[in-house]
Amino acid sequence: MSDNQNSAGDVPTTGHLWDDDLQDFTNQPPKWWMLGLTASALWVVVYWLLYPAIPISIGGGSYFKGIGLPGTGQWTAIKELAEDQKVLDAVRGPFENKIKSMTPAAILADQDLSEYAVRSGRVLFSDNCAACHGQNGVGTVQSNTKFAMRERGLMAPILNDDDWLYGGTIDTIYETISGGRQGLMVAHKDTLSAQQIDDVAHYVKAMNEEGKAKADADPVVAAGKKVFMESDCTACHGADAKGMHAMGSANLTDKVWRFDSSIEGIKQTITYGVNSGDPSARVAIMPTWLKKDEQGHVVSKLDETAIKKLAVYVYKLGGGQPG
């Protein structure tokens, strides 16, 4: 606003008129504001000369890099980054060089290397794993309101408990991260009737809530127990229903669920399976994080050293098992 308050009769207008009496005056901004604007424009030019932000070619494939502050020469963020990286590499170098030639189990057994791997692995986990497994391995739940039945439950297994599909030893965890996992549960829609699927779903739910011993003695779910024992369920989950690490089959007697734990959710899993190829099947795939070309060169985002650190970090989350 101008500091010269003139009446409509003293100042020319732009000629625009609204509602019969509203007009635009041509009052100039106050002088202090114009001086500030001019000073700002001059400062932009000076600052650009010191630290140019636009790569302007000066011929021969080179670019104007600025004149820097008097007496200091040219400055770039790249130089500052390189200096900081040297300091960081000097601290990390000894640890990284040791880890390269050690097994995950040996790293875990060394207190100093193990602590370093956990600190470094935490960053790697946040950048690469937390999107599915959740920060600190707490899991990411896909709720009933936002996802279709086949997607409900955990996006990926919880990693900070002691429940493992393939085992929780340090070497197994490294194997899982580097090579990925893709379990399989066949669809039973063509081998079991709708009633049998309903019966066995209630038996599985009872084992989860009451424990297997009580569920086996519960006459309400006796029909489901019969289906479970006489079908192919025990071939993968075992007669004790505790699952098998070699197959990646789930323990059905604890309170840990990978997918929706409601009766309808359990029936969905039994009916259409997991990774069975059916459009309604559950999809549970752990990607391969270590990939190499034909010459043996790592072409994946993570290399062996990074995966070793991740394995130690996941093991230390609280659920790691002795080898």
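Keep in mind that this is a predicted model. Let's begin at Ser300, which, if we skip its neighbours within four places in sequence, is in contact with Trp289, Leu290 and Lys291. You'll find Ser300 in the loop between helix 11 (263-272) and helix 12. Is Ser300 buried or exposed? Its relative accessible area is 19%, and buried means under 20%, so Ser300 counts as buried. Now look at what its side chain is doing: the side chain of Ser300 reaches the backbone oxygen of Leu302 at 2.8 Å, and also the backbone oxygen of Trp289 at 3.1 Å.

Next, hop over to Arg258, in the loop between helix 10 (233-237) and helix 11. Arg258 is buried, yet it has no salt bridge. The nearest side chain of opposite charge belongs to Asp163, 9.3 Å away, while a salt bridge has to be within 4 Å.

Last stop: helix 2 (residues 77-100), which has a kink of about 50 degrees at Arg92, shortly before the proline Pro94. Within helix 2, Gly93, Glu96 and Ile99 are buried. An α-helix has 3.6 residues a turn, so residues three or four places apart point the same way. And what do the buried residues of helix 2 pack against? They meet helix 3 (104-109), helix 4 (111-128) and helix 12 (304-319).

Terms used. Residues numbered from 1 in each chain as written. Predicted model: local features only at pLDDT ≥ 70, side-chain atom pairs only at ≥ 80, totals over all residues. Heavy atoms only, no water. Bend = angle between axes of the 7 residues up to and from the residue. Helix = DSSP H or I, 4+ residues; strand = E, 2+ residues; numbered from the N terminus. Buried < 20%, exposed > 50% of the residue type's maximum accessible area, 1.4 Å probe, protein only. Contact = heavy atoms within 4.5 Å. Polar contact = N/O pair within 3.5 Å; in protein donor to acceptor, adjacent residues only side chain to side chain. Lys, Arg positive; Asp, Glu negative; His and termini not counted.
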